Amino acid sequence: MTAPAVTEAGALDLWLIRSPAPADAGPLDLTVLDEAERKRAASFIRPSDGITYTSAHIALRRLLGAYLGIPAQEVAFLREPCPGCGKPHGRPAVTAPGPPLHFSLSHSHGLALVGVADRPVGVDVERHPRAGTVGVCTPALHPGEQDELDALPEEERPAAFGQLWTRKEAFLKGLGTGLSRGPSVDYLGPDPGRRPQGWTLLDIPCGPRHHGAAALAGGAPATTRLRLLPAAALHHGGTADVRAGAREPAAA
């Protein structure tokens, strides 16, 4: 087995995956998924949600397999200990030996984002929120975040909230706690000086309908590469070329 390694020491690799429309999905390669993933994929009521989930998990396995040098279906996962209670429901990780290979996956309404690095990483992608969602969720935020949102014109709040929330989710996924750590604990607003120490937060362009963010343990990455995974990687015979040059994604 090839020892795992990111394409460059200190790099943060980010991959966007667009899900095909239900009418155009074609034969997605379910053979790379394990039994639990296939069962989950079949459980969605809305076909578009099932396709988003399936595309995201096929892409994740194709990408990790390429980084690890093993077939996608042989990628094995575990859960790291939770930072809060020590039980095995923290960050997902791969079981392969060798240098550290950390990853994170998020998907929302037809778009997925995968982050790969040699240190803990969290990513999040979310569809642009409705004004009603902003009104309901804002009281749960950090007081400083609430004040900054309240100071904005009403028409600007959804976009600001959407970007803020992706930073928050990415950070909590990077920590390994998820939302078991309350969203009011940490400031993830636009002022970098007030954000948690020991982490780098990046806003990721994901097109006009989605917000994206990445959280990386430690200082800024040596390089950040944002690439669009070719649709062919989701189908039978597809592969993920992790050596491909960076590509500016078109509007998602």
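**Entry 1: the largest pocket**

I began with the lining of the largest pocket: 30 residues, of which Arg-79, Pro-92, Phe-103, Leu-105 and Lys-173 lie nearest its centre. The model is predicted, so I kept its rules at hand: local features need pLDDT of at least 70, side-chain atom pairs count only at pLDDT 80 or more, and totals for chains, interfaces and linings use all residues. Residues are numbered from 1 along each chain as its sequence is written, and side-chain values use heavy atoms, with hydrogens and water left out.

For my own reference, a pocket is an open set of points on a 1 Å grid over the protein atoms alone, where a 1.4 Å probe fits and protein lies on both sides within 12 Å along at least five of seven lines; lining residues have an atom within 4 Å of a point. Its volume is the space filled by probe spheres set on the points, which are joined across faces, edges and corners.

I noted a volume of about 650 Å³ for the largest pocket. Two or more lining residues come from each of helix H2 (47-68), strand E2 (77-79), strand E3 (92-94), strand E4 (102-108) and helix H5 (157-175). Helices (H or I, at least four residues) and strands (E, at least two) are DSSP runs, numbered from the N terminus. E4 gives the largest share of this lining, 6 residues.

I then sorted the lining by class and got 12 nonpolar, 10 polar and 8 charged residues. Here Ala, Val, Leu, Ile, Met, Phe, Trp, Tyr, Cys and Pro count as nonpolar, Asp, Glu, Lys and Arg as charged, and the others, Gly among them, as polar.

**Entry 2: the second largest pocket**

I found about 240 Å³ of space in the second largest pocket. Its lining includes Ser-108, His-109, Arg-127, Cys-137 and Trp-165. Strand E6 (121-127), helix H3 (131-137) and H5 each give two or more residues to this lining, and H5 gives the most, with 3. By class I wrote down 4 nonpolar, 5 polar and 3 charged.

**Entry 3: helix H4**

In H4 (residues 143-150) I found Gly-144, Glu-145 and Leu-149 buried. They line one face of the helix, because seen down its axis they fall within an arc of 135 degrees; the arc is that of the directions from the helix axis to the C-beta atoms. The face turned away from that buried side carries the exposed Pro-143 and Asp-147. H5 is among what covers the buried residues of H4.

**Entry 4: the largest nonpolar core**

I counted 29 residues in this core, and Trp-15, Ile-17, Leu-63, Leu-64, Tyr-67, Val-114 and Leu-229 touch the most other members. A nonpolar core is a set of buried Ala, Val, Leu, Ile, Met, Phe, Trp, Tyr and Cys residues joined through side-chain atoms within 4.5 Å. H2 supplies the largest share, 9 residues.

**Entry 5: Pro-27**

I placed Pro-27 in the loop between E1 and helix H1 (35-41). Its C-alpha atom is separated by 6.2 Å from that of His-235, 208 residues apart along the chain. Not counting residues up to four places away in sequence, Pro-27 touches His-235 and His-236 (contact means heavy atoms within 4.5 Å). With 56% relative accessibility, Pro-27 counts as exposed.

Definitions and conventions
Buried means under 20% relative accessible area, exposed over 50%, partly exposed in between (1.4 Å probe, protein chains only).
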